[in-house]
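This report describes how parts of one protein chain pack together. Please look over the sequence and the structure first.

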Amino acid sequence: MEPVPTPAPWAMRAEQSRGRRFPEHPHPYRSEYARDRDRIIHSRAFRRLEAKTQVFTTRYSDHFRNRLTHTLEVAQIARTVAAALGLNTELAEALALVHDIGHPPFGHAGERKLDELMRARGGCFNHNLHALRIVEQFEQRYLEYPGLNLTFEVREGIIKHSRDYSATEFPQLGEYLLELRPPLEAQLIDWVDEIAYNTADIDDALEAELLDVSLLRKEVSFFGAVYAQVDAAHRGAREKLIFNEALKRVLDVLATNLIETTRERVLALAPSSVEEIRRAPKRLAGFSDPAAAQNRELKRFLFAHIYNHPAITEDRDRSVKCLEQLFLYYLGRNGSMPAAYEELAQMESRHVIVCDYIAGMTDQFLLRQHHEHFGDSGRQKSVAPHQ
């Protein structure tokens with residue numbers, strides 16, 4: 001297949017950005033999206049990802065992914081896919097680096113609990129919407145403006161990379177062109193995220209000695225076929241190295257399919273600009289049907305045999321219970337949070353500020369706070385599966 005010219009007609013160009021909330025002079029050496037990428041990397045919220053669990057805790061090994069190393073793997077795949085499609089790699093990288101910045105402690109399990117607690121009080125919690133609050137309000141690094149003052153396209157991609165939002169249900173997001181698709185650079189992020197964590201979680205499960213490779217080969221036919229090919233070509237090699245090579249090939253096949261399927265859909269539309277991508281009847285990035293089925297096989301296996309393994313669920317449930325107890329503790333006791341949050345609670349509903357405070361915590365900080373207020377129960381750091 002012929003390579004796509006760079007930049008492709010459908011790539012998002014920095015000079016065509018809708019700009020920043022607070023205008024700034026151009027930088028002499030970096031594009032607008034490169035500046036966004038760098039601001040994200042230097043933010044406090046980005047650094048906190050190091051202390052947020054991906055799936056496995058360090059009680060198993062020091063080698064597991066955390067939320068930060070996972071984010072770096074997503075960024076690496078995003079750059080490759082974006083470059084192959086002639087897209088803006090700096091925008092894709094910025095979006096990959098910021099995509100998990102709004103995660104609360106204990107991953108999606110913590111997110112579900114915060115959402116449950118907020119819905120009981122007329123609100124909700126969504127880690128993408130919270131990420132937007134972080135970059136717009138909570139990060140305070142500059143004299144001239146609040147937040148990171150990111151470009152429109154990065155802010156748009158934070159909320160729209162994984163789903164569409166209704167303007168009726170989310171009127172506060174009205175400025176983000178909710179009736180239109182996001183640029184392809186944003187559309188890619190959810191898919192490269194899946195490629196990264198599905199393969200990485202399999203790898204970490206083996207490190208944790210929770211993975212039955214023979215069962216994986218049997219239940220995930222795609223992986224089994226690739227493993228057999230590697231095994232046949234390297235008779236007598238160490239099993240771990242055969243596994244590594246098979247998993248690397250699985251990742252490569254999925255990433256390649258994402259590139260080729262997205263390219264075919266885009267060429268069928270024949271857009272001459274990013275605006276035509278925005279006005280397409282549906283999103284264009286994604287897997288082919290066979291590759292999507294292969295990816296679902298991997299996900300089903302992970303849910304059936306890893307994410308719901310008792311070694312994981314017991315820690316996760318205990319830690320999420322700590323989160324709930326702390327939420328109710330702060331909610332019911334004026335003066336129990338740091339002074340800055342108590343001041344905010346005078347101007348906005350207390351449950352919203354309590355949620356913001358807890359969502360910004362790292363896993364271990366939350367557990368230390370819980371120990372301070374409730375004693376020893378729940379001190380074991382949690383494990384937090386994706387869903």
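## Terms and basis

Two residues are in contact when heavy atoms lie within 4.5 Å. Helices are DSSP runs (H or I, at least four residues), numbered from the N terminus.

The model is predicted, so to speak of a local feature takes a pLDDT of at least 70, side-chain atom pairs count only at pLDDT 80 or more, and totals for chains, interfaces and linings use all residues. Residues are numbered from 1 along each chain as its sequence is written, and side-chain values use heavy atoms, with hydrogens and water left out.

## Helices α4 and α7

Leu-91, Ala-94, Leu-95 and Val-98 of α4 meet Glu-153, Val-154, Gly-157 and Ile-158 of α7. By class, this contact has six nonpolar residues, one polar and one charged. Here Ala, Val, Leu, Ile, Met, Phe, Trp, Tyr, Cys and Pro count as nonpolar, Asp, Glu, Lys and Arg as charged, and the others, Gly among them, as polar.

Helix α4 covers residues 89-98 and helix α7 residues 152-160; their axes come within 10 Å and cross at roughly 45°. Axes are lines fitted to C-alpha atoms, for helices over the stretch in contact, with angles from 0 to 180 degrees between N-to-C directions. The angle makes α4 oblique to α7, a class left over once angles under 35 degrees (roughly parallel), over 145 (roughly antiparallel) and 65 to 115 (roughly perpendicular) are set aside.

## Helices α11 and α13

Helix α11 (residues 239-269) packs against helix α13 (residues 289-307) at an angle of about 140°, the axes being 10 Å apart. This makes α11 oblique to α13. Val-250, Leu-254 and Asn-257 of α11 make the contact with Ala-291, Asn-295 and Leu-298 of α13. Four of the contact residues are nonpolar, two are polar and none is charged.

## Nonpolar cores

A nonpolar core is a set of buried Ala, Val, Leu, Ile, Met, Phe, Trp, Tyr and Cys residues joined through side-chain atoms within 4.5 Å. Buried means under 20% relative accessible area, exposed over 50%, and partly exposed in between (1.4 Å probe, protein chains only).

The largest core has 91 residues, of which Leu-211 and Phe-243 touch the most other members. Helix α8 (residues 184-207) gives the largest share of this core, eleven residues. A second, separate core has 25 residues, including Leu-114, Phe-327, Tyr-329 and Tyr-330.

## Helix α16

In helix α16 (residues 350-359), ten of the ten residues are buried. Among them are Arg-350, His-351 and Asp-356. The buried residues of α16 pack against α5 (107-119), α6 (127-138), α14 (310-332), α15 (339-345) and α17 (363-374).

Notes:
Helix = DSSP H or I, 4+ residues; strand = E, 2+ residues; numbered from the N terminus.
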